[in-house]
Amino acid sequence: MSQPLTLSREDIVRLCERVEGAQTRAYAIPKLTDEYPAMTVADGYAVQAELRRRYISQGHKLIGWKAGLTSKAKMVQMGVNVPSIGFLTDRMARPENSAIKTSDLVHPRAECEVAFVTKKLLKGPNCTRQDVLDATDYVLPAVEIIDSRFSGFKFDLQSVIADNGSSARYVGGGRARYPADIDLSTLGVVMEKNGEIVATGASAAVLGHPAEAIAMLVNILAEQGEILPAGSFVMSGAITEAIPVKPGDNIVARFQELGSVSVRFIE
């Protein structure tokens, strides 16, 4: 990590418990840097790693990872030059067409992403886009429901990382395709909410190519002494802005070449 740890072990555990409470009981908390202004990105990842350990010890299964802040606009907005990453567990997964309860969430928003499923182990440093493509079994479309747990939607990179990149729910669907069969950099995406188009984009918004986001994720994992195992499910980051959702809303994400994914929201 380029930045040092400033938090003590006690602080890391304390902040982890604070984030876990907000995630599991769906309430908002102030951003963590309000109390710990010197907190670094490395501190954020230390809290995230503690959160992951805690969830796994409770029986959650780690099934993959996600990249966040992968569009240049989002990075400029957040004042960072690298994306962030977060972990995904089996309990965040929801089937296609399922009803997602908003009462379990604080500020739910939906975004479209290309997901990768790997067939070979990937490790950094120096993982490249080609390494990712060579290790990919197939790609599929996904909708991620993110949920920032911070009051008034006020947050910074350190707090977002500690909150596991606002991870909450995800839905994969559509048609799985081999990456060699499609041009992953030019996929058009349309998101509809209750039958109206609310966002459009192209997969090139994700660092020019979604596999670049996965390569960056693998290299960030390497900084933490981690690898990406074969059989991982990895989301490459939002192609469109995140759209707020509430009970009664129906979201359909239509991907060129990859079909569509739909999800609805209930109280």
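This is a predicted model: local features need pLDDT of at least 70, side-chain atom pairs count only at pLDDT 80 or more; totals for chains, interfaces and linings use all residues.
Colleague: Why is strand E2 (residues 84-89) called mostly covered?

Modeller: Buried means under 20% relative accessible area, and six of the six residues in E2 are buried. Ser84, Gly86 and Leu88 lie on one side, Ile85, Phe87 and Thr89 on the other, and all are buried. Both faces of E2 are therefore covered, given the under 20% cut-off.

Colleague: How do you know that strand E1 (residues 62-68) and E2 pair?

Modeller: Pairing requires at least two bridges, and E1 and E2 have six, in the antiparallel sense. Glycine 68 stands opposite serine 84 in E2.

Colleague: What makes strand E3 (99-101) and strand E8 (196-202) edge strands?

Modeller: Their sheet is open, with five strands in the order E3-E12-E11-E7-E8 and mixed pairing. E3 and E8 each pair on one side only. Neighbouring strands of this sheet are turned by 20° against each other on average, direction ignored. Within the sheet, E11 (residues 250-255) and E12 (residues 259-266) pair in the antiparallel sense over six bridges; valine 252 stands opposite serine 262 in E12.

Colleague: Which residues touch the most other members of the largest nonpolar core?

Modeller: Of its 78 residues, these are Leu32, Trp65, Val114, Phe116, Val132, Phe233 and Phe255. Helix H6 (residues 210-223) gives the largest share of this core, eight residues.

Colleague: What is phenylalanine 233 in contact with, leaving aside neighbours within four places in sequence?

Modeller: Contact needs heavy atoms within 4.5 Å. The partners of phenylalanine 233 are Ile63, Gly64, Trp65, Leu88, Ala115, Phe116, Val117, Leu140 and Tyr170.

Definitions and conventions
Residues are numbered from 1 along each chain as its sequence is written. Side-chain values use heavy atoms; hydrogens and water are left out. Buried means under 20% relative accessible area, exposed over 50%, partly exposed in between (1.4 Å probe, protein chains only). Helices (H or I, at least four residues) and strands (E, at least two) are DSSP runs, numbered from the N terminus. Axes are lines fitted to C-alpha atoms, for helices over the stretch in contact, and angles run from 0 to 180 degrees between N-to-C directions. A nonpolar core is a set of buried Ala, Val, Leu, Ile, Met, Phe, Trp, Tyr and Cys residues joined through side-chain atoms within 4.5 Å.
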